[in-house]
Amino acid sequence: MRDGDVAADTYTYPILLQSCSQRLAEVEGRLIHGQVIKVGFDSDVYVGNTLINMYAVCGCLGDARKVFDESCALDSVSWNSMLAGYVSADNVDEAKWLYERMPERNLISWNSMISGYLRCGEVEKARSLFDSMPQRDTVSWSVLISGYAQRDRFADALALFQDMQLEGIQPDETVLVSVISACTHLSALDQGAWIHAYIRKKQMKVNVILGTTLIDMYMKFGSVPNAMEVFRAMEEKGVSTWNALILGLAMNGFVKESLATFSEMKECNIVPNEITFLAVLGACRHMGLVEEGRRHFDAMSRKHGIEPTIKHYGCMVDLLGRAGKLTEAEELIANMPVPPDVSTWGALLGACKKHGDNVMGERVGRKLVDLQPEHDGFHVLLSNIYASKGSWDNVHEIRGMMRQHGVIKTPGCSMIEVKGTIHEFLAGDKTHPQSEDIEKMLDDMAKKLKMEGYAPDTREVLLDIDEEDKETTLFRHSEKIAIAFGLLTIDAPTPIRIMKNLRICNDCHMAAKLISRAYDREIVVRDRHRFHHFKQGSCSCLDYW
């Protein structure tokens, strides 16, 4: 255009500046700014708006503010561009200052300021501003719902989504991703499935992010067929989609299918990344496939040029440790090219507890307690190792250290969803409105378990109390209470689905297997690490976990 001696006008430069914004081309943007000044278009409102936006998007807030302050005429676009720039840079104080002085505010202004409050953690101010808006659009709802989800306020995110539905506002993909994530964290399968049904009813396009979020949700509820259905229906799949499927299948005990999916992924010319190999090593870890794990670990750098991170080494240590190769696991830690973190040592400590190597366990446990004195799990594992040996003086010493450092053991908590309501149970819980019925069901479960040959594994109660009290304590673990409640409230053949914040203990694992046979019910327990699908007296983990 310039070679043809065609003069640029006030429409030309904004288009060029928008192109610079999209490519974050700051240098070219500055050159164009120089041309704007040279031809005298810097006083034009439209040109000024795009200059402010270009500098703000490129992170040059000082230059954006300079253009803003020197502009002869400012409209709402100028103010909003400057406001959005401050919000993007997390400079909420300047954003508030500008917002309070705006001659007029529109939806863009309100939404930008709500986003600013959320970015700096001022959730209540964001909600107050949202409630005072004269009108709202989809972006308004999306910003606040996403903000709630990112701040772990999942119940608030779901409640706001319900309000959005009542006002007849159709959610976009961003809202749905946040709400599905909230359902996953709240163990609300019914609500998550309803949202999936809503997506299908409205014939919304399931893009990579939305589809991956749905797969992740269904896998974390143990609904493998539903996750597979979403995966097969997706027209476009990203590497994150394949990763979610590989990891989800492994977590649910479908290790063979998980590794087959990895092979299929490579056949489809999808390049694996670090997370893919974490999922693959996780699959090997879930079933103790040591040789296969070694092969994939070596192939990371040799075939794919991906250097293992501390998390990959942690997976290998856990894989070796669970397989009983404790010495090899410790040698791997010693020869790691990066310093081992507490999670890696923690994996070895758990393996020592599993295989009864109290000598190595005591040594590793002492190291961990010194490295992270505020971590409750390491204190508890070391205490359990001493208790299993009957070393009660050492147990009391560890508990004294916990009190000294203010360390509180995380209580076991099991959650179960019934008719859209989440019920939580702690060990020995008798606070539920239906506690009397639950106690009767627990007694019935105890009778049927004895008929099935159940003998309480009192080794799981590492307290200096008599055997009868140990049996009573065992039968009041949170997952057993949740199972009793599920038997009372969920009709067959619907599976009883339970989420637990800690690992399921050996005794509860054995009891759940026998209950699934005695009552002819499918029981799905998701613990801290994986799913256990109990059917007719067996578990999908094949007792490996």
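Predicted model: local features only at pLDDT ≥ 70, side-chain atom pairs only at ≥ 80, totals over all residues.
Local features were taken at pLDDT of at least 70, side-chain atom pairs at pLDDT 80 or more, and totals for chains, interfaces and linings from all residues. Residues are numbered from 1 along each chain as its sequence is written, and side-chain values use heavy atoms, without hydrogens and water.

The sheet is open and has six strands, in the order S2-S1-S3-S4-S5-S6, with mixed pairing. Strands S2 (421-426) and S6 (538-539) are the edges, and each pairs on one side only. Strands are DSSP runs of E of at least two residues, and helices are runs of H or I of at least four, both numbered from the N terminus. Pairing requires at least two DSSP bridges between two strands.

S1 and S2 run antiparallel and are joined by six bridges. Ile-416 stands opposite His-423 in S2. Two residues lie between the strands of this hairpin, where Lys-419 takes a positive phi near 55°. S4 (residues 523-526) and S5 (residues 531-535) also run antiparallel, with four bridges. Here Val-525 stands opposite His-532 in S5.

Helix H25 (residues 435-451) has 17 residues. Its buried residues (under 20% relative accessible area, 1.4 Å probe, protein chains only) include Ile-438, Leu-442 and Leu-449. The face turned away carries exposed residues (over 50%), among them Glu-436 and Lys-440. The cover over the buried residues of H25 includes S2, H27 and helix H28 (506-518), with contact meaning heavy atoms within 4.5 Å. Just after H25, Gly-453 takes a positive phi of about 90°.

Technical notes. Expected span 1.5 Å × (residues − 1).
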